[in-house]
Amino acid sequence: MTDASLSPVRAAFSGASVGIAALTITAFGLALANLQAAAGSSGWLQPLLSPDLADPHQAVAYLSLFPRILLALVAGLALGFAGSVFQTVLRNPLAEPGLLGVTSGAQLALAASLLYAPALWINGYELVALAGGIAVFAIVALAAAGRGASAPAFVLTGVVISLYCNAIYGLLVLFHHDFLSDLLTWQAGSLQQSGWQSMARLTAQVGAVGLVMLLLLRPLRLLSLGDGPARSLGLSPAVVKVSLLGLASALAAIVTAEIGIIGFIGLAAPALARRLWPRRSHNPLPAAFVGAILLLFIDQTLALLAPYAGDIPAGAAAGLFTGPLLAFLAVTRQQAERPRTDRTPLSARRLRQPVLGLALLLVILLLASTLSVLAGVSDHGWQILSPSDPAVPWHWRLPRLLGAAGAGTCLAVAGLLLQRALRNPLASPDLLGVGHGAGLGLIIAFMIVPAGAVWSKLAVSAIGAAAVLALVATLARRASFQPERTLLVGVGLGSMVHALLVLFLASGGPNGAALLSWFSGSIGAVRLTDAVMVCVVALAATAAALVLGRWLAALPLGDTAVTAIGIPDRVARTTLFFAAAIAIAAGTMIVGPVSFIGLMVPHLVAQAGFRRERDLVVACALTGAAFLVGADWIGRNLAWPWPMAPGLISALLGGPIFLWLIWRGRAQ
């Protein structure tokens, strides 16, 4: 390779080195500035060497800021180390404790044990979190083993189980909010401290696990060569993998137990470390260093802004800082990768008479709609009414029915469009951040047209969704639409937009209240005009997908094949993105950021045997509508009079089905 060909790599390496050096200096500079501001005239060194706790300034510096700085360093180090081990062992740049369900499992175990087995906390809540995190990761590994534990299967399984754990956690919070309110506050991902106990406890636990992991650095390096070479050198790959993944899960669970979920540090730190030290990509120590610096920078920036923006937890705002970094690293990797040209995953089964299958789905939708309107729980118990009965609350249930059916159709069809246009079976409105982009547009609409018509709000919301989707698509093209890198771009941008939404939510006021209602995903207050709007968009999106069926069939084949058969690649993909953005905006306006529908429904209908694109489109539309109508009906009646969001029910119902498909090797 010539010097000319190496110059871009050297330039990128040099730029990354300067960047991490600047980040390190800035992080510690912010820490010193915050310490100096808190300590006052005594200076920041005095409270550290000989603190006078009678002086309130020195007390704040010694008991709050010093342990907070050290806690950020230790937690970031642990998350970076754990993320690097996950990615090296699984050979997957998307492997991260959060995406693989470890942190969600730890959080769920803490909440469930506090409610139903508080005696488990006697020996320490860290053990509870550790058991939950490792148990969930074991489920991920077993489910993914149905496809030979491939990289896409691991990510897809981890995402599904993580969403499922979050749904169960949301269910516990819904019914035990008063009892879990202290846990919610404690687990908010904030690094604020009022003493040295938390920092000392976390340091001791991370140190103990870290020392054991240091002994496995050489086996980890041998494992990075591949299972065959490692086995020839006398290493047992299975034993080493289980040991390393268990210890890495322990690190993530310990941090989650102490301060809550800190998003994407374990994903961004190893990615940046590989750019800085490409020859040490198998060594987790550089990633641990980068993780510590990243979290310190994020937390100290938030501490500096606290007098103006309030106390924002680092866990909630981390995506605002790591999101752009993830997207940048995903599209500037030095190693060229061949684009994936496989189609959206389909099963080998094929329906002989797809018309009958579509008719069956239509009947299911009609039955779900009938139940939604005519059956339910009231003050008098279960009631089944006739359509002509004056007791039927048509004014309330009809808008809710139409809203759920239209939103389900929009999200399911949009998921199919995204998976085909991006050639990525993991693409969905929630994972790519497009739904949150629509939410950001909705908040802007509330600010500029607070009393505007529903179509005006749809337009602004669609612009937000389209902006995020256009950025994802542009960066994905630079990454040759390679699935893992495309998803990394989407996760990065989505985490950034989600953090912006959290900041809006924390600001309070009427916009914050509207956003909170949107986040909850409730459709109980949907108006008839909103329901009509989403149904019109659903029909239009479905019709557009039917008309563009030839493009849907061709785009997954790759740019060369698309051009060869005379399809304008850019025009086709842009058109599909435009239709998907409008559908996502309409759907999320009604039900909020619902997970699973856009990801799961295309896989389910493919597994059912629908193969032709037009059959797939209609099947997705009917399945998405029936699924969300049924989920809304169950949520309305299951715990009456406390309604449960349809998105929560969708995750609870769809998770086990989708996991079974993954384990059987059908959703890949």
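This is a predicted model: local features need pLDDT of at least 70, side-chain atom pairs count only at pLDDT 80 or more; totals for chains, interfaces and linings use all residues.
1. **Overall make-up.** The protein has 668 residues. Its secondary structure comes to 27 helices and two strands. Buried residues make up 57% of the protein.

2. **Contacts along the sequence.** Take the contacts with a separation of 6 or more. Residues 24 or more positions apart account for 78% of them.

3. **Helices α18 and α24.** Start with α18, residues 454–478, and α24, residues 569–591. They pack with their axes 8 Å apart. The angle between them is about 135°. The two helices are therefore oblique to each other, since roughly antiparallel would need an angle over 145 degrees. Their crossing is right-handed.

4. **Who meets whom in that pair.** From α18, the contact is made by V454, K457, L458, S461, A462, A465, A466, L469, A473 and R477. From α24 come D569, R570, R573, F577, A580, A581, I582, A585, A586 and M589. By class, this contact has 14 nonpolar residues, one polar and five charged.

5. **Helices α25 and α26.** Next is α25, residues 597–607, against α26, residues 613–637. The packing angle is about 125°, and the axes lie 9 Å apart. That angle makes α25 oblique to α26. Here too the cut-off for roughly antiparallel is over 145 degrees. α25 passes α26 in a right-handed crossing.

6. **The residues of the second pair.** On the α25 side are I597, M600, V601, P602, V605 and A606. They meet L616, A619, C620, T623, G624 and F627 in α26. The contact divides into 10 nonpolar residues, two polar and no charged. Compare this with the contact of α18 with α24, where five charged residues take part.

7. **A loop residue, N283.** Where does N283 sit? Its place is in the loop between α12 (265–276) and α13 (284–309). Is N283 buried or exposed? N283 has a relative accessible area of 17%. The cut-off for buried is under 20%, so N283 counts as buried.

8. **What N283 touches.** Leave aside residues up to four places away in sequence, and N283 touches S84 and L217.

9. **Points to look at in the model.** Check the right-handed crossing of α18 and α24. Then find the right-handed crossing of α25 and α26. Last, locate buried N283 in its loop between α12 and α13.

Methods:
Residues are numbered from 1 along each chain as its sequence is written. Side-chain values use heavy atoms; hydrogens and water are left out. Axes are lines fitted to C-alpha atoms, for helices over the stretch in contact, and angles run from 0 to 180 degrees between N-to-C directions. Helices (H or I, at least four residues) and strands (E, at least two) are DSSP runs, numbered from the N terminus. Angles under 35 degrees count as roughly parallel, over 145 as roughly antiparallel, 65 to 115 as roughly perpendicular and the rest as oblique. A crossing is left-handed if the near helix is turned anticlockwise from the far one by less than a right angle, and right-handed if clockwise. Contact means heavy atoms within 4.5 Å. Ala, Val, Leu, Ile, Met, Phe, Trp, Tyr, Cys and Pro count as nonpolar, Asp, Glu, Lys and Arg as charged, and the others, Gly among them, as polar. Buried means under 20% relative accessible area, exposed over 50%, partly exposed in between (1.4 Å probe, protein chains only).
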